[in-house]
Amino acid sequence: MNKTTLTTAMDLLYRKYLIPMILLDQEGTPLYPPLTLTAKNPLKHYLKETNGPVANLYHFGKYMLGCFAFQLAGKTCYMVIGSCGVIGTPDTSYLFLEHEYHYNVHYSKEDKYSFEEYIQLLYTLFAEQPLAKEQIHWHYQTESHDRSMQTDLSLETNLYERRVHEATFDSYHFELRYLDYIKRNEPEKVVWVFNKMKETYSVSLSPHELEGLKLKFSAFVAVVTRMSIDEGVPVNQAFGLSDSLIQGLVYIHSAEECLRYIKEATYRFMELLHSYPLAQKSLLVKTIVNYVDSHLYEKVTIDDLAAITQKHKTHLCNQFKKEMNKTIHSYIQERKISEAKHLLLFTDFSYEKISTQLAFANQSHFIRNFKAVTGQTPKEFKEKHYAHALS
């Protein structure tokens with residue numbers, strides 16, 4: 001592909017999807033569209049991190065950015081995609097490279113999965129080869145310490161708030177089919193159902209009717225939350241995601257946005273459900289897992305678990321080890337370290353505060369366990385995974 005064909009494709013894609021793109025040379029100088037950047041070009045940071053057949057995607061809470069390298073006329077070039085707004089966030093404009101962008105005029109809002117698919121499409125077109133999911137690397141950071149109401153970030157702050165809604169879908173059979181596709185991890189079937197939903201709500205809705213659609217969304221989330229718990233997802237994780245998604249509804253202002261938000265919620269629950277493959281485990285193991293997850297910020301002992309399950313400690317430990325292939329102590333440590341990772345990335349807590357919050361004996365005990373589980377210290381983990389915001 002030559003430069004003229006490439007820039008024409010960039011223009012056509014932008015008109016269609018309203019996701020900005022910038023083509024840069026190997027030194028980080030914009031080739032298209034023509035931009036004048038200062039010597040402290042903020043885009044160079046992303047170019048340094050992007051080498052080989054990979055795409056780096058950055059999630060800043062309110063917006064997303066992508067970058068990948070490819071060959072153009074025998075030379076290495078870079079494509080920076082974005083900024084792209086995040087569906088469910090309140091902002092309707094942002095400042096990027098000293099230019100003000102307005103929602104639905106200069107940029108669109110997408111969910112994480114739609115943006116990822118769009119990056120794969122662009123990479124296939126411009127690099128002329130497919131991009132596997134394993135070649136996509138996500139990096140997360142809040143923007144200027146602003147804890148915006150975005151699903152991935154607000155999930156961490158809502159794990160211990162509960163909300164239960166007694167509601168169901170309009171169609172019981174529709175609900176069963178939809179839930180079955182989620183449980184079987186069949187996204188192509190989910191897309192089919194989603195398209196049917198779009199046909200149902202293709203007419204222009206009044207604000208009152210939009211509220212009705214939001215209530216249907218809340219009912220959907222309630223049903224899928226319970227299904228996820230039944231399938232082995234820890235209670236806190238399921239309700240934490242549920243709360244985050246429902247809170248994001250306040251930033252949805254049209255039926256089209258709401259339907260796209262439903263699609264995002266479906267994929268979020270599908271991802272959560274299949275990251276906890278406990279469906280075939282015994283009720284005893286599920287009870288232990290849910291208790292541990294609900295008490296990560298407390299000291300959990302075998303005596304506690306024996307009391308709530310009313311089982312002898314020896315039987316408890318043996319059954320857990322048999323089904324999970326690890327000891328209860330190891331599982332507790334892994335879950336606490338997993339929670340510590342989120343606190344390191346999404347809060348400004350010190351190592352001492354994190355160790356206290358998660359009921360470790362002291363900071364040294366926390367660091368020692370963190371390295372035993374992850375192979376790196378908390379500092380090394382944060383330096384590796386904490387993306388730097390645009391300067």
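Tutor: Among the contacts in the chain with a separation of 6 or more, 66% are between residues 24 or more positions apart, a contact being heavy atoms within 4.5 Å. This is a predicted model, in which local features need pLDDT of at least 70 and side-chain atom pairs count only at pLDDT 80 or more, while totals for chains, interfaces and linings use all residues. Residues are numbered from 1 along each chain as its sequence is written, and side-chain values use heavy atoms, with hydrogens and water left out.

Student: And how many helices and strands are there in the chain?

Tutor: The chain has 16 helices and nine strands, taken as DSSP runs (H or I of at least four residues for helices, E of at least two for strands) and numbered from the N terminus.

Student: What share of the residues count as buried?

Tutor: Of the 391 residues, 49% count as buried, where buried means under 20% relative accessible area, exposed over 50% and partly exposed in between, with a 1.4 Å probe and protein chains only.

Student: Lys214, then: buried or exposed?

Tutor: Lys214 is buried, because its relative accessible area is 11%. Lys214 sits in helix α7, residues 207–230, and, leaving aside neighbours within four places in sequence, Lys214 is in contact with Leu249, Ile252 and Cys258.

Student: OK, switching to salt bridges. How many does the structure hold?

Tutor: The structure holds six, a salt bridge being a side-chain nitrogen of Lys or Arg within 4 Å of a carboxyl oxygen of Asp or Glu. One of them joins the side chains of Glu110 and Arg260, at 3.7 Å from N to O. That pair links distant parts of the chain, since Glu110 is in strand β8 (residues 109–110) and Arg260 in helix α9 (residues 255–273), 150 residues apart. Glu110 is buried, at 16% relative accessible area.

Student: What about Lys313 and Asp303, how do their side chains meet?

Tutor: They form a salt bridge too, at 3.0 Å from N to O. Lys313 lies in helix α12 (residues 313–324) and Asp303 in helix α11 (residues 302–309), so this pair ties together parts that are ten residues apart in sequence. Lys313 is partly exposed at 39% relative accessible area, and Asp303 is partly exposed at 46%.

Student: Last one: where does Thr7 lie, and which backbone oxygen does its side chain reach?

Tutor: Thr7 is in helix α1, and its side chain reaches the backbone oxygen of Thr4 at 3.0 Å. Thr7 counts as buried because its relative accessible area is 12%.

Technical notes:
A polar contact is a pair of N or O atoms within 3.5 Å; within protein, one must be able to donate a hydrogen and the other to accept it, and residues adjacent in sequence count only if both atoms are side-chain atoms.
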